[in-house]
Amino acid sequence: MVFLIVYVKEAHSSDNPGSGNLAQAVAKVEQATGKEIAEAAGPQPEIARHQTFEDRSKAAHSCKAGLDLELPFVLDNMENTTGSTYGGFPDRIYVISNEGKIHYKGEPGPYGFNPVQAEESLKELLK
Amino acid sequence: MKLSLLQDLSRSMVAGISALVILSLALPCLASRENQRRTVADQPPTKRDISKVDVGDPAPDFSLKDLDGKEVKLSSFKGQKPVFLVFGSYT
């Protein structure tokens, strides 16, 4: 089993003037989950929209370090080609079979992001 | 504690998926536990699905750089191992 995190453009960049900015996202999380869970997520990072591939790389490094992850990350290109093809923005899970076919396609996040459902799919694949 | 679970992701499928549940709490852009318990009908309308792939389709290949600048090609795993792909960002 290979795990890959495909790092795409920021879902809630700090300089987004619209409804997707970080403060509004945090408020939505608090509203949806209760303050306790929102606070458990810890202080939220402030990352501006990636202007360059280096910005994206820095953000991914920051994510990996900030969450203390050892999972392999790959970076989508600045044209967001892979994210667009897979509809991976803002977040999404896929399981790809040994034969290279889509076995599980999660719904788009945030509401469709469902690791529990993905786990069931994975168990089925590995039977 | 919760982050230590993430370390197990590549070592154990079950632990790995559990870690992803934790990850979903850690990243504000990802769904909450509460959201995961909701049925589709309960959920707010989602954005239009712009993906170009569906279950059963060959996974579109990509070749992307990892954090060390090395190319990782999805098709290199074909016939070798299943791939658990997670799209997302820190925010």
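This is a predicted model: local features need pLDDT of at least 70, side-chain atom pairs count only at pLDDT 80 or more; totals for chains, interfaces and linings use all residues.

**Across the two chains**

Mentor: Strand E1 (residues 2-7) of chain A and strand E3 (residues 83-88) of chain B pair in the parallel sense, over six bridges. Strands here are DSSP runs of E, at least two residues, and helices are runs of H or I, at least four, numbered from the N terminus; two strands pair if DSSP finds at least two bridges between them.

Trainee: What stands opposite Phe3(A)?

Mentor: Phe84(B), in E3(B).

Trainee: OK, how many strands form the open sheet?

Mentor: Seven, in the order E4(A)-E3(A)-E3(B)-E1(A)-E2(A)-E1(B)-E2(B), with mixed pairing. The edges are E4 (102-105) of chain A and E2 (71-73) of chain B, each pairing on one side only.

Trainee: And which strands does helix H5 of chain A lie across?

Mentor: H5 (residues 115-125) lies across E3 (92-96) and E4 of chain A together with E3 of chain B, and runs at about 0° to E3(A). That angle is between N-to-C directions, from 0 to 180 degrees, using lines fitted to C-alpha atoms, for helices over the stretch in contact. Contact means C-beta atoms, placed from the backbone, within 7 Å.

Trainee: How many residues are in the largest nonpolar core?

Mentor: 32, and Tyr94(A) and Leu85(B) are among those with the most contacts inside it. E3(B) gives the largest share, five residues. Such a core is a set of buried Ala, Val, Leu, Ile, Met, Phe, Trp, Tyr and Cys residues joined through C-beta atoms within 7 Å. Buried means 20 or more other C-beta atoms within 10 Å, exposed means 12 or fewer, and partly exposed is in between.

Trainee: Switching topic, where are the cis peptide bonds?

Mentor: One joins Phe89(A) and Pro90(A), and another joins Gly109(A) and Pro110(A). Pro90(A) sits in the loop between H4 (81-86) and E3 of chain A, Pro110(A) in the one between E4 and H5.

Trainee: Is Asp68(A) buried or exposed?

Mentor: Exposed, with 12 other C-beta atoms within 10 Å. Its phi is near 55°, a positive value in a residue other than glycine.

How values were computed. Residues are numbered from 1 along each chain as its sequence is written. Chains are lettered from A and ligands numbered from 1 in the order in which they are written. Two residues are in contact if their C-beta atoms, placed from the backbone, lie within 7 Å.
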